[in-house]
Amino acid sequence: MPTREEMAGNKYLAPIAHRFLSPELWRFTRRSVPRGVALGLFAGFIVPLGQIFLAAFLALPARANVPLAALVTFVTNPFTLPFWLVVANKVGHFVLNLDAAMVGGAAGHLASDRGILADWFAMAGITAFGFVVLAIVSAGLGYVVSSFAWRVIVMRKRRRRLVAMERRLNQRLRGDGT
């Protein structure tokens, strides 16, 4: 994961470095974190290569957290790609509902006279459509879940601080803390 300083020194990013180095893009806030998660998930599923750069560039106008957007793209990596290919294919089949629309069902589809190359292209199109659906749905879910998680974390920290303050105040009032 490149640091802010490494990005500042990159000669390819020099024309837009002033936008990337804005401090608001590197802070973890309640608005930038969910945006970064959503953009990272979207870029991770929509583009197989260069997803980190896409997430970072999408984070600029959205004012999302750049490191988090880049990190979340690793949900799709070479080790998890076979799993996601199967999931995307099944999602594509489910959304397009191809089996129900065909007369012969799946067996009639495999026995068609189109040829194996046409079947591979059809399967690739279904899988690509499944990845688009996964990108949109996972981005929305990622935004909602990370926003909720952020709220829970902040509430727990606030509760701990209040308990600690109450404990210190009770000690002062009893005269124990002097």
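Arg63 sits in the loop between H4 and H5, where helices are DSSP runs of H or I with at least four residues, strands are DSSP runs of E with at least two, and both are numbered from the N terminus. The structure is a predicted model, in which local features need pLDDT of at least 70, side-chain atom pairs count only at pLDDT 80 or more, and totals for chains, interfaces and linings use all residues. Residues are numbered from 1 along each chain as its sequence is written, and side-chain values use heavy atoms, with hydrogens and water left out.

Although Arg63 is not a glycine, its phi is positive, at about 55 degrees, and this residue comes just after H4. Arg63 counts as partly exposed because its relative accessibility is 49%; buried means under 20% relative accessible area, exposed means over 50%, and partly exposed lies in between, with a 1.4 Å probe and protein chains only. Helix H4 itself has 12 residues and reaches 16 Å from its first C-alpha to its last, close to the 16 Å expected at 1.5 Å a residue, the expected span being 1.5 Å times one less than the number of residues. Within H4, the buried residues are Gln51, Ala55, Ala56, Ala59 and Leu60.

## The overall fold

Of its 178 residues, 28% count as buried. Among the contacts with a separation of 6 or more, 70% are made by residues 24 or more positions apart, a contact meaning heavy atoms within 4.5 Å.

## Helix H3 and its cover

Helix H3 has 15 residues, and the distance from its first C-alpha to its last is 21 Å, close to the 21 Å expected at 1.5 Å a residue. Because 12 of the 15 residues of H3 are buried, this helix is largely enclosed by the rest of the structure. The buried residues include Ser32, Val33, Pro34 and Gly36, and also Leu39, Gly40, Leu41 and Phe45. What covers the buried residues of H3 includes helix H4 (51-62), H5, H6 and H9.

Thr73, in the loop between H5 and H6, is buried, with a relative accessible area of 0%. Leaving aside neighbours within four places in sequence, Thr73 is in contact with Gly40, Ala43, Gly44, Gln51, Ile52 and Ala55.

## The nonpolar cores

A nonpolar core is a set of buried Ala, Val, Leu, Ile, Met, Phe, Trp, Tyr and Cys residues joined through side-chain atoms within 4.5 Å. The largest one has 11 residues, namely Val33, Val37, Leu41, Phe45, Leu68, Val72, Trp84, Ala88, Phe131, Leu134 and Ala135. Helix H3 (32-46), helix H5 (66-72), H6 and H9 each supply at least two residues of this core, and its largest share, 4 residues, comes from H3.

Val72 touches Val37, Gly40 and Leu41, when residues up to four places away in sequence are not counted. A second, separate core has 8 residues, including Trp26, Leu60, Ala64 and Val66.

The 59 residues of H9 should span 87 Å at 1.5 Å a residue, and the end C-alpha atoms of H9 are 84 Å apart, which agrees. Just after H9, Gly175 takes a positive phi of about 85 degrees.

Helix H6 (residues 81-96) packs against helix H9 (residues 116-174) at an angle of about 95 degrees, with the axes 7 Å apart. This makes H6 roughly perpendicular to H9, a description used for angles of 65 to 115 degrees, whereas angles under 35 count as roughly parallel, those over 145 as roughly antiparallel and the rest as oblique. The axes are lines fitted to C-alpha atoms, for helices over the stretch in contact, and the angles run from 0 to 180 degrees between N-to-C directions. The residues of the contact of H6 with H9 divide into 14 nonpolar, 5 polar and no charged; here Ala, Val, Leu, Ile, Met, Phe, Trp, Tyr, Cys and Pro count as nonpolar, Asp, Glu, Lys and Arg as charged, and the others, Gly among them, as polar.

Ala139 also lies in helix H9, and counts as buried because its relative accessibility is 12%. The C-alpha atoms of Ala139 and Phe42 are separated by 5.3 Å, while the two residues are 97 residues apart along the chain. Not counting residues up to four places away in sequence, Ala139 touches Ala38, Leu41, Phe42 and Leu134.
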